[in-house]
Amino acid sequence: NYAFAYDQKSPFVPYPWPIQGRIESGNATFSPFIIASAHRVSLPQTQTIFPLKYSEPKRSMLIVRNPIKKKKKNVVFINVNLDRSNNDDQIKALSETAKAEYEKGNYVIIGGTFNKSFNGAQKNINDKSLWDPQVLTDYFSNDWEYIYDDTTPSVRTLNTPYLNNMDKVNTYTVDGFICSPNVKIQMYETVNEEFFYSSHNPVHL
């Protein structure tokens with residue numbers, strides 16, 4: 001079982017240079033359990049400057065519901081990849097959706113790339129001219145749990161090819177989970193793939 005939601009589907013993206021051409025990308029959620037429903041919910045677009053607003057992905061939440069046996073409730077997985085913008089509109093919209101699901105008695109797990117640094121997470125900054133994510137603003141109540149592992153960074157900058165050269169790139173912890181109070185966490189870790197597959201390392205919950 002799986003669900004997929006596009007964030008970007010364009011036959012030609014002319015910006016930035018060199019041109020990117022055709023792009024089809026988005027969020028995918030795979031599950032060994034029954035998916036009762038899955039739908040895409042648009043998030044506010046934070047990039048409004050021409051021509052960037054036409055080349056940037058249209059961010060969204062992929063909301064997947066897995067029913068719980070003998071209960072009329074669901075585990076609700078919300079898959080996100082937020083903008084790097086300093087604008088908080090997306091995280092505000094995300095928190096409102098998640099809290100509404102929790103108030104219905106559902107179990108909510110938000111996972112993905114927040115593109116903002118978790119509060120208190122370690123940073124490795126070698127070049128101050130490169131991207132430095134702002135701290136993830138807390139729009140959830142104190143009983144919601146932020147799950148991240150900063151013993152291994154989850155993202156690196158793309159200023160140079162990565163050849164185990166930690167002294168040449170900046171690294172941060174921007175990937176993880178936010179869980180509702182009725183979810184009990186047993187373990188979590190950032191898996192050190194040394195950025196072999198992408199500029200992000202996976203996070204295991």
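**View 1. Overall dimensions of the predicted protein chain.** The radius of gyration of the protein chain, taken over C-alpha atoms, is 18 Å, which agrees with the value near 17 Å that a compact globule of 205 residues would have under the rule of 2.2 Å times the number of residues to the power 0.38. Along the principal axes, the C-alpha atoms fill a box of roughly 55 × 40 × 30 Å. This is a predicted model in which local features need pLDDT of at least 70 and side-chain atom pairs count only at pLDDT 80 or more, while totals for chains, interfaces and linings use all residues. Residues are numbered from 1 along each chain as its sequence is written, and side-chain values use heavy atoms, with hydrogens and water left out.

**View 2. The largest nonpolar core.** Among the 20 residues of this core, a set of buried (under 20% relative accessible area, 1.4 Å probe, protein chains only) Ala, Val, Leu, Ile, Met, Phe, Trp, Tyr and Cys residues joined through side-chain atoms within 4.5 Å, I78, V80, L94, I110 and F114 touch the most other members. At least two residues each come from β4 (60–67), β5 (74–81), α2 (89–103) and β6 (107–113), where helices (H or I, at least four residues) and strands (E, at least two) are DSSP runs numbered from the N terminus. The largest share, 4 residues, is that of α2.

**View 3. Surroundings of V80.** Once neighbours within four places in sequence are left aside, V80 is in contact (heavy atoms within 4.5 Å) with residues including N27, S60, M61, L94, I110 and F114.

**View 4. A second, separate core.** This core has 7 residues, among them I147, F177, V183 and V203.

Key:
Buried means under 20% relative accessible area, exposed over 50%, partly exposed in between (1.4 Å probe, protein chains only).
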